[in-house]
Amino acid sequence: MTDEKRIPRHIAIILDGNGRWAKSRNLPRLMGHRAGLRKLEDMVRLVKREGIRYFSVYAFSTENWNRPIMEVTGLMSLFGYYLRRKVDEIKAEGARIRFCGRKDRIPDELLRQMKWAEDYTKDEKILDFIICLNYGGRAEIIDAVNSLIASKPQLPVTEEDLRKHFYLPDVPDPDLIVRTSGELRLSNFWLWESAYSEYYFTDIHWPDFGEEELHKALDSYAGRDRRYGGLKK
Ligand code: IPE
Ligand code: IPE
Ligand code: MG
């Protein structure tokens, strides 16, 4: 091994704790979501500076529709608002915005803005910024299975055959998955893709997650021994 620091090619972050961040300040939950979304632009810049090629965030799960309607509609309008406001700065960083998840249930206006942002940034090549919105790992696997069956594949199918039907088949599996705010679970994020991911958990709420925390996560990752079932190299 060289002395060069190991950097994940794909870092994924479960953006958790916006509600608790707001509560601790006696603010409404939506203010926490607003603070959380604001953080994303900084993180795109920091992640790019580290030379990471893929950055994915879990912004809204297929289960988050179960929240009170006010929170869900508030979140959808915040997504649209920040997308419109930040897309130019994100593009200027050389980042391509990609959405990952089911397209049903998302309000038409937001869906149009998502398509526009993807199209507007599609030629950027430094970083893929992947926003998992209305994403669920089980939904992705089921959608891939249905799409694979519809393609009338040759049997038996292989893992690679199925992978081709995932939402973003060209994106490599996450090397490092970070979850903020103390919960020690995946909550239906990257289920298939996380088979050999490394994890980093922190008690910090997402709106307070900054450069120092990112470096702690990356340092921890750099010291891991990834064996993939084999033996130590
Ligand atoms: C994460 O923050 C953002 C979304 C799930 C949309 P939460 O809203 O889950 O914050 P907590 O977990 O209630 O603190
Ligand atoms: C996971 O957070 C989903 C996102 C961050 C988008 P949740 O807050 O929804 O997860 P649970 O309910 O604590 O498992
Ligand atoms: Mg939460």
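Predicted model: local features only at pLDDT ≥ 70, side-chain atom pairs only at ≥ 80, totals over all residues.
View 1. Taken alone, ligand 1 exposes 380 Å², of which the protein buries 87% (Shrake-Rupley method, 1.4 Å probe).

**View 2. Here is the shell around ligand 1.** Of its 13 residues, L15, D16, R20, R29 and R67 come nearest (a heavy atom within 4 Å counts as near). The shell divides into three nonpolar, five polar and five charged residues, with Gly counted as polar. Helix α1 (18-24) gives the largest share, three residues.

**View 3. Now look into the largest cavity.** About 200 Å³ of space lies inside; a cavity is a set of points on a 1 Å grid where a 1.4 Å probe fits but cannot get out, and lining residues have an atom within 4 Å of a point. Of the 16 lining residues, L37, L40, Y82, L83 and I131 are closest to the centre. The lining has 14 nonpolar, no polar and two charged residues.

**Reading the views.** Residues are numbered from 1 along each chain as its sequence is written, and chains are lettered from A and ligands numbered from 1 in the order written. Local features need pLDDT of at least 70, side-chain atom pairs count only at pLDDT 80 or more, and totals for chains, interfaces and linings use all residues, while side-chain values use heavy atoms, leaving out hydrogens and water.

Technical notes. Helix = DSSP H or I, 4+ residues; strand = E, 2+ residues; numbered from the N terminus. 1 Å grid on protein atoms, 1.4 Å probe; cavity = no way out; pocket = protein on both sides within 12 Å on 5 of 7 lines; lining within 4 Å. Points joined across faces, edges and corners; volume = space filled by probe spheres on them.
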